[in-house]
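Reader: Hello! Could you take me through one part of this model closely, with its charged pairs in view?

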Amino acid sequence: MTQTPATDQTNTPAHANDHAPCYITTPIYYVNDRPHIGHCYTTLVADVLARAQRLLGRDVFFLTGTDEHAEKVVKAAADNGMSPMDWATKNAERFKDAFTFMGFSNDDFVRTTEDRHKTRASAYIKKLKDADIIYKGEYKGWYDPSQEEYVTETTAKENDFKSPVTGKPLEERTEENYFFRLSNYETWLKATINSGELKILPEARKNEVLGRIAQGLNDVPVSRRIKQGDPDWGVVMPDDPEHRVYVWIEALCNYLTTVDTEDRRKYWPQRSADDAHPAPTITHLMAKDILWFHAVIWPAMLHALGETIPSTVYAHAYWIAEGRKMSKSLGNFIEIDTLRAYAARYHLDAVRWFLTTQGPLGPTDADFAHARFVEVYNADLANGIGNATSRVSNMIEKYLGGEIERTCDGRFGFEEGVALQTARAARAAAGNPVDDDSRVFDLRSSCEEALRKAEASLANDCITDTLTAGKALSDEVDAFIAYAAPFTLAKRLDEFEHGQRALATILYASAEALRIASLLLAPAMPFQMAELWRRWNCNHLTLPDDPNSPFVAPLEHLAHWAGDFGLKPGQRIAKGDPLFMRADPAEPAPSAN
RNA sequence: GGCGGUAUAGCUCAGUUGGUUAGAGCGUGGGAAUCAUAAUCCUAAAGUCGCAAGUUCAAGUCUUGCUAUCGCUACCA
């Protein structure tokens, strides 16, 4: 499952090689933090994207992990009477547990304290140092003796050159440090970002980064001199044991160190201009606070190393809670336990759906409000896809004995079609004729359209269009059922020559469209969609009982109307319990305790 | 302080190079239907497009000022 590194690719389906590989990362999370909605959200977006790309048939590698080399980790460990490593391990496990709970399908979980990371990160830095791209220089800054740390120029100025914490005067100090020649890459960065070779999303963030680059780039310090009594924690500057590499610069390397192995290099290949293989896509997802490192410093480092640069750096905004910014002082962080409580009441897939569709993917923050959660849950899931599958399953059980009788082309209201004419006649006979007898439904074309939309949006790392396309299909089925009223026809079968055939045709089209909708919804709701496939005996997954098992074919094939994986005559359809039970808006929010 | 973004129906947001009655989803009102988780379908109402001035035959869409709000301001993760 999720936390098991899938290091071997032997289970990769054959079709996976038809497309370029796809590498998706989240930041590695600071191990002193407790997993909260922020960590879960970024990783969920990555998971939905990874699942969607796998569904398209791509060979995906999805990485997350923990950042463990901060000095504060040593302190926190000491405060808790543990060794830094034991403390880090304990907290890394909390992230792993949280992510397992969220149903994430990451292929690996990297910890920066692992040798595989440290040795390679160290090698990259050595390479840069040997090339004089990392050089020894002098850092002049404002030092806060009471806190034993430097403060930034701006912070120093804002606080009138006094310690922001204690108010004692700051000292101007000069220190010997190593620097990275970021200033060398100003022109290159501008060109690379402007050309779209490096996509920074959303657009607003790209402009922010470009604006800041335009103000000029300075070389950045990447190390600090090791002082007497410093803990041995982190990566030492190659060939200079008196300096330690700053955590963040070593941490960035995790994206490359983890796939810098023979079997994984396909996700991050060193490419030449005439490379015939399709270029893999490398997508870094993160929250907006760490965009600068990922959009500027990291690509420049990679460029200096002669490595491929990421194709997309996506920085989403923050969640706020019930209209208020989450902060430690307010103590209103939505922690993993709150999400667990929501999942226990509404289903994990409902939590995933809400976060994905209502989240701050754009440049502005989004609100996690209980009332809103229930509204979206009822509108999209209980009344939407949940109810639609219930009513269709129910009618197939009731009118067709729980078995698909025939297929059809999914087009209704057109000249040659008899099924909808029969259904309209039945409504008229029942004294409830349709308002508009010229209405047409082309469910098959709608499905094909939805598929195109999904593929186009995923090429731009957009996950929501795929989901809304799936939801739109389910909505169309609802409208079709209301119009065709198969339940009315079912009561008057003997009045019409082809009544039974018309009924079976209408129900087939409804169910087949919902099956295709469920495929598009699956990246966000893998568990309940797999449950639906079990009830409907659809063989989409290699292991029908394991929602995390690979798909048996790419989406294009799976979603083919009445195709090899479509519903077939004789296929058993079971109704089962509601996938998403309607929620009571009056009920108080689930509590973590 | 500097640079930049945003202000459009109750809520969340779309609104292309300025051009007829400003759109969607959710929520709300009315009607229909009853297969379904009282779900669904049809339909309606609701906006002086932050405020003020300007450019123009014509501005939500351009300019200026004001107000509110948000982000970035680099080496803590």
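Author: Gladly! Glu 512 and Arg 515 sit 3 residues apart in helix H18, about one turn of the helix. Helices (H or I, at least four residues) and strands (E, at least two) are DSSP runs, numbered from the N terminus. This is a predicted model, where local features need pLDDT of at least 70 and side-chain atom pairs count only at pLDDT 80 or more, while totals for chains, interfaces and linings use all residues. Residues are numbered from 1 along each chain as its sequence is written, chains are lettered from A and ligands numbered from 1 in the order in which they are written, and side-chain values use heavy atoms, with hydrogens and water left out.

Glu 512 and Arg 515 form a salt bridge, their closest N and O atoms 2.9 Å apart; the term means a side-chain nitrogen of Lys or Arg within 4 Å of a carboxyl oxygen of Asp or Glu. An α-helix has 3.6 residues a turn, so residues three or four places apart point the same way. Both Glu 512 and Arg 515 are buried (under 20% relative accessible area; exposed is over 50%, partly exposed in between, with a 1.4 Å probe and protein chains only).

Helix H18 itself covers residues 499-521. Of its 23 residues, 21 are buried, so H18 is largely enclosed by the rest of the structure.

For comparison, Arg 444 and Glu 448 form a salt bridge at 3.1 Å, and they are 4 residues apart in helix H15. Arg 444 is partly exposed at 25%, and Glu 448 is partly exposed at 35%.

Methods: Expected span 1.5 Å × (residues − 1).
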